[in-house]
Amino acid sequence: MKDFTVGVFDSSAKAYKSNRFQGVYEIVSLVGTINTMNDAFYCHLHMCAADQEGHAFGGHLNEAVISATCELVVTCLPGETNRVFSDEVGLNLISF
């Protein structure tokens, strides 16, 4: 990757603190869920990326620009899950 933004959720402020990284990075890990919220596509991903010296940075993925390739494996599970906003937590939580 050459440009990505990840965040960490501050539960007391109920807000994400985002950090943007630009340069040469390799995706080390990318995990999360793909489901719906309010009948629309919703993706919740967490990513870790490392620079050329091996320093790793990660968090909730907000945005990424891939410079060469990104190979993903997506596993589809039976059933359906949706997201619903929780006022108490301040996040969109999975609703089964």
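This is a predicted model: local features need pLDDT of at least 70, side-chain atom pairs count only at pLDDT 80 or more; totals for chains, interfaces and linings use all residues.
Q: OK, what volume does the largest pocket have?
A: About 750 Å³. Volume here is the space filled by probe spheres set on the grid points, which are joined across faces, edges and corners.

Q: And which residues are closest to its centre?
A: Gly32, Thr33, Ile34, Val74 and Thr75, out of the 27 residues that line the largest pocket.

Q: Which elements give two or more residues to that lining?
A: Strands S3 (26–37), S4 (40–50) and S5 (56–65). The largest share, eight residues, comes from S3. Strands are DSSP runs of E with at least two residues, helices are runs of H or I with at least four, and both are numbered from the N terminus.

Q: Stepping back, how many helices and strands are there in the protein chain?
A: Zero helices and seven strands. The order from the N terminus on is β-β-β-β-β-β-β. The C-alpha atoms fill a box of roughly 40 × 35 × 20 Å, taken along the principal axes.

Q: What share of the residues is buried?
A: Buried residues are 24% of the 96 in the protein chain. Buried means under 20% relative accessible area, exposed over 50%, and partly exposed in between, with a 1.4 Å probe and protein chains only.

Q: Back to Val74. Is it buried or exposed?
A: Val74 is exposed, because its relative accessible area is 56%. You'll find Val74 in the loop between S5 and strand S6 (82–86). Together with Ile34, Phe41 and Leu72, Val74 makes a nonpolar surface patch of about 460 Å².

Q: What goes into a patch?
A: Residues with over 30% relative accessible area and no salt bridge; like charges are joined within 9 Å, and nonpolar side chains (Val, Leu, Ile, Met, Phe, Trp, Tyr) within 5 Å. The accessible areas come from the Shrake-Rupley method with a 1.4 Å probe, and for residues only the protein chains shown count as cover.

Q: You mentioned salt bridges. How many does a search of the whole structure find?
A: One. Arg20 and Asp3 meet there through their side chains, at 2.6 Å, N to O. Arg20 is in strand S2 (residues 15–22) and Asp3 in strand S1 (residues 3–10), so the pair ties together parts that are 17 residues apart in sequence. The cut-off for a salt bridge is a side-chain nitrogen of Lys or Arg within 4 Å of a carboxyl oxygen of Asp or Glu.

Q: Are those two buried or exposed?
A: Arg20 is exposed, at 54% relative accessible area, whereas Asp3 counts as buried, at 15%.

Q: Changing topic: which residues other than glycine have a positive phi?
A: Lys14 has one of about 55 degrees, and Asn38 has one near 55 degrees. Most residues other than glycine have a negative phi, and most peptide bonds are trans.

Q: Where are Lys14 and Asn38?
A: Lys14 is in the loop between S1 and S2, and Asn38 is in the loop between S3 and S4. Lys14 is partly exposed because its relative accessibility is 40%, while Asn38 is exposed at 68%.

Q: Last one: where is Tyr25?
A: In the loop between S2 and S3. Tyr25 counts as buried because its relative accessibility is 13%. Gln52 is 27 residues from Tyr25 in sequence, and their C-alpha atoms are 6.8 Å apart in space.

Definitions and conventions: Residues are numbered from 1 along each chain as its sequence is written. Side-chain values use heavy atoms; hydrogens and water are left out. On a 1 Å grid over the protein atoms alone, a cavity is a set of points where a 1.4 Å probe fits but cannot get out, and a pocket is an open set with protein on both sides within 12 Å along at least five of seven lines; lining residues have an atom within 4 Å of a point.
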